[in-house]
Amino acid sequence: MGHLDHAALGWLTPVLSYVMACTGAALGLRCTVRALAATGRSRRNWLITAASAIGTGIWTMHFVAMLGFSVSGTEIRYDVPLTVLSLLVAMIVVCAGVFAVGYGRERARALLLGGLTTGLGVASMHYLGMAAVRLHGDVTYDPMRVALSVVIAVVAATAALWAALNIKSPVAVTVASLVMGVAVSSMHYTGMFAVRVQVTPSGEVLPGATAMQFVFPLAVGLGSYLFLTSAFVALSPTAGEREASASAQRPVESVAH
């Protein structure tokens with residue numbers, strides 16, 4: 001049995017992964033709030049941005065945390081196509097959940113459907129990402145901890161969508177995103193503590209890319225996307241600000257006529 005270390009780089013990876021989860025959650029919530037106040041193409045675009053932010057934040061959180069994952073007695077590589085597929089799964093399933101809430105007529109049903117879909121998608125992303133791990137040995141899982149991680153993912157996703165529907169103020173969104181960061185991180189590490197590795201020493205070269213060759217550059221790129229998108233959203237006027245601007249212009253136009 002190989003010894004598993006989930007924080008081989010100390011507190012750096014847990015803290016940084018938590019920051020990424022919070023950033024994705026906060027941006028996703030703000031975009032969903034904007035979407036619910038918009039109509040037509042604007043609503044669709046805000047929902048797509050929200051889904052990409054949440055999906056990117058969750059995926060980046062997972063693989064930043066994985067930078068600190070090591071197993072004694074073996075190197076670790078990552079299957080590149082499977083790793084990319086896990087990112088696409090996160091994006092697509094979160095998008096389905098967000099759209100269910102954004103366009104659902106019955107809020108309660110849409111919330112349950114969206115939370116279940118998104119939560120199962122987050123769990124699928126996590127375990128698909130784990131399936132991309134290549135090492136000298138066999139990986140098994142504790143079924144009870146796996147089940148618990150899936151439950152946490154569904155509850156966290158439902159709570160996030162509920163917050164998007166009911167929380168409007170920036171302060172409340174910030175608090176909700178901090179809570180969501182805890183929930184997403186808890187889901188990840190619960191799933192990781194379910195992992196068992198039986199190492200089989202071998203001199204063969206493992207297939208795939210190392211974390212620093214592939215995962216780290218991709219995580220940095222996606223993290224940059226999150227922060228740039230956050231700046232864009234922060235600078236974009238809200239529906240209320242646009243209405244106030246339009247109202248302020250009307251008296252001026254009336255005087256001119």
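**Notebook: helices, cores and a buried histidine**

I began with residues 172-194, whose end C-alpha atoms lie 33 Å apart; this span is 96% helix and 0% strand. A reminder to myself: this is a predicted model, so I read every value here as computed from predicted coordinates.

I picked that span from the UniProt record, where an unreviewed entry places "transmembrane region" at residues 15-33, 45-70, 82-103, 110-133, 145-165, 172-194 and 214-235. I looked at one more of these, residues 110-133: its end C-alpha atoms are 35 Å apart, and the span is 92% helix and 4% strand.

**Overall layout**

Next I stepped back to the whole chain. I count eight helices and six strands in the protein, running β-α-α-β-β-α-α-β-β-α-α-β-α-α from the N terminus on. Of the 257 residues, 47% are buried. I also checked contact range: among contacts between residues at least 6 apart in sequence, 89% join residues at least 24 apart.

**Helix 2 and the cores**

How many residues does the largest nonpolar core have? I find 60, and the residues with the most contacts inside it are Met 66, Val 71, Tyr 78 and Val 98. Helix 2 (residues 40-66) gives this core its largest share, twelve residues. Apart from this core I found another, of six residues, including Ala 163, Ala 164, Ile 167 and Val 173.

I then checked helix 2 itself.

Leaving out residues up to four places away in sequence, I see Val 98 touching Thr 32, Leu 47, Ala 50, Ala 51, Ile 54 and Leu 161.

**Thr 83**

I found Thr 83 in helix 3 (residues 80-103). Is Thr 83 buried or exposed? Its relative accessibility is 0%, so Thr 83 counts as buried. With residues up to four places away in sequence set aside, its contacts are Trp 59, Phe 63, Tyr 78, Ala 132 and Phe 214. Tyr 78 is a name I had already noted among the residues with the most contacts inside the largest core.

**His 6**

I placed His 6 in the loop between strand 1 (4-5) and helix 1 (12-36). At 15% relative accessibility, under the 20% cut-off, His 6 counts as buried. Which residues does His 6 touch, not counting those up to four places away in sequence? I list Ala 65, Gly 68, Phe 69, Tyr 189, Met 192 and Phe 193. For Phe 69, I noted that its C-alpha atom and that of His 6 are separated by 4.5 Å, although the two residues are 63 apart along the chain.

**Strands 5 and 6**

Strand 5 (residues 137-141) and strand 6 run antiparallel, joined by five bridges. In one of the pairings I looked up, Tyr 141 has Val 195 of strand 6 as its bridge partner.

**Cysteines**

Last, I searched the whole structure for disulfides and found zero. I looked at two cysteines anyway: Cys 22 is buried, with a relative accessible area of 8%, whereas Cys 95, at 24% relative accessibility, counts as partly exposed.

Notes: Residues numbered from 1 in each chain as written. Predicted model: local features only at pLDDT ≥ 70, side-chain atom pairs only at ≥ 80, totals over all residues. Heavy atoms only, no water. Disulfide = S-S within 2.5 Å. Buried < 20%, exposed > 50% of the residue type's maximum accessible area, 1.4 Å probe, protein only. Core = buried A, V, L, I, M, F, W, Y, C linked by side-chain atoms within 4.5 Å. Helix = DSSP H or I, 4+ residues; strand = E, 2+ residues; numbered from the N terminus. Contact = heavy atoms within 4.5 Å. UniProt positions renumbered as here; feature names shortened; annotations may be inferred. Pairing = 2+ DSSP bridges.
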